Amino acid sequence: MNRYPCSVFIMDIRNSSLEGKGKELSAYLNKITSWLTEWTGKQAIVKHRRGDEVIFISEGYAAAYVAAHFLTVSWSKVEHPPYFGLSFGEIDSRAADLNVETWIHPLMKQAREANDELKREGAGKAQFAFRLRDDLYETQLLLNSLLEVRHTLVKDQTDLQKKVYTLVEIYRQQRKAASMLSKSPSTISSHFKKGKGEELVMIFKTVTAVLDSIEQKAFDDTSTEKLIASVRSSLQSSSSEWFSKREGDESV
């Protein structure tokens, strides 16, 4: 039987029932599904369904987390933050060949359980939660602990620190962030450090490294770096869709 590495996320958004927001949020989620399809070169299943839910299924143990990470980084609906139940494992067909409406698999159940847990906990604890098979319980515990720390660091950022982190994470250049925010490189460096940007970069690299290590032991290779490059390239070319420099941004 063929074996393929796979990861899944089930995404919901907070406060989606606010009156008068349905059409706006639906249009935004449709745009999100287009982004996800572009990022993965149409090698993933992306489904917007049940109002505010998006399902993502892709090859690669880290793919769902990478996609979810960059969605949160570039997310523009501040009053409606997303949250993600995630899982990964192996399946017996290509992810792009699956029918999400009829696919029954432990990965979907695990991602759903993780998503439901985040829904019950509310907005205060984390945006990401992994639920994995029993023999990976220790990995699940460590990943989720790291991602709770991530959430705390992001919550404590000022608006300007969030913008700086977003731009540095996408462009990998503090000078580019300085140019886009009309600030000096030294100011950007200061806000990146004060906003715990270095720690957030470390957490992202650590989580993806763990997922890649597990995948490499089973399949000898990963395509995570290629996916990350694709996501960054896409976001750089579509910056007008997610980046706005508001009047009144913090000054120093």
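**Helix pairs**

I started with α1 and α9, which cross in the right-handed sense. This is a predicted model, so I read every value as computed from it. The axes of α1, residues 22-39, and α9 come within 9 Å. I noted a crossing angle of roughly 130° for this pair. α1 and α9 are therefore oblique to each other.

Next I looked up α1 against α2. Their axes come within 11 Å and cross at roughly 135°. That makes α1 oblique to α2. I checked the hand as well: the crossing of α1 and α2 is right-handed.

Then I turned to α4 and α8. At what angle do α4 and α8 pack? I found about 160°, with the axes 10 Å apart. Angles over 145 degrees count as roughly antiparallel, so α4 is roughly antiparallel to α8. Here I wrote down a left-handed crossing, α4 passing α8.

**The sheet**

I traced the strand order next. The sheet is open and has five strands, in the order β2-β3-β1-β4-β5. I marked its pairing as mixed. Which strands sit at the edges? They are β2 and β5, the latter at residues 128-130, and each pairs on one side only. From one strand to the next I get an average twist of 15°.

I went through the β2 and β3 pair residue by residue. β2 covers residues 44-49 and pairs with β3 in the antiparallel sense. I have six bridges for this pair. Alanine 44 faces serine 58 of β3. Further along, lysine 47 stands opposite isoleucine 55, also in β3. The two strands form a hairpin with three residues between them. In that hairpin I picked out arginine 50, which takes a positive phi near 55°.

**Largest pocket**

How much space lies in the largest pocket? I have about 860 Å³. I listed 30 lining residues. Closest to the centre are Thr72, Val73, Trp75, Val78 and Lys162.

I then sorted the lining by element. At least two residues each come from α2 (63-74), β4 (82-91), α4 (137-155), α5 (159-171) and α10 (239-242). α5 gives the largest share, six residues. By class, I recorded 13 nonpolar residues, eight polar and nine charged in this lining.

I note two links back to the helix pairs. α2, which crosses α1, supplies at least two residues of this lining.

**Second largest pocket**

The second largest pocket holds about 400 Å³ of space. I listed 20 lining residues for the second largest pocket. Which of them are closest to its centre? I wrote down Thr40, Gln43, Glu59, Ser223 and Lys226.

Three elements each supply at least two lining residues here: β3 (53-59), α8 (197-219) and α9 (224-237). α9 gives the largest share, four residues. By class I recorded six nonpolar residues, nine polar and five charged.

Again I cross-checked against the earlier entries. β3, the partner of β2 in the hairpin, supplies at least two residues of this lining.

Methods
Residues numbered from 1 in each chain as written. Predicted model: local features only at pLDDT ≥ 70, side-chain atom pairs only at ≥ 80, totals over all residues. Heavy atoms only, no water. 1 Å grid on protein atoms, 1.4 Å probe; cavity = no way out; pocket = protein on both sides within 12 Å on 5 of 7 lines; lining within 4 Å. Points joined across faces, edges and corners; volume = space filled by probe spheres on them. Nonpolar A, V, L, I, M, F, W, Y, C, P; charged D, E, K, R; others polar. Pairing = 2+ DSSP bridges. Axes fitted to C-alpha atoms, helices over the stretch in contact; angles between N-to-C directions. Parallel < 35°, antiparallel > 145°, perpendicular 65-115°, else oblique. Left-handed = near helix turned anticlockwise from the far one by under 90°.
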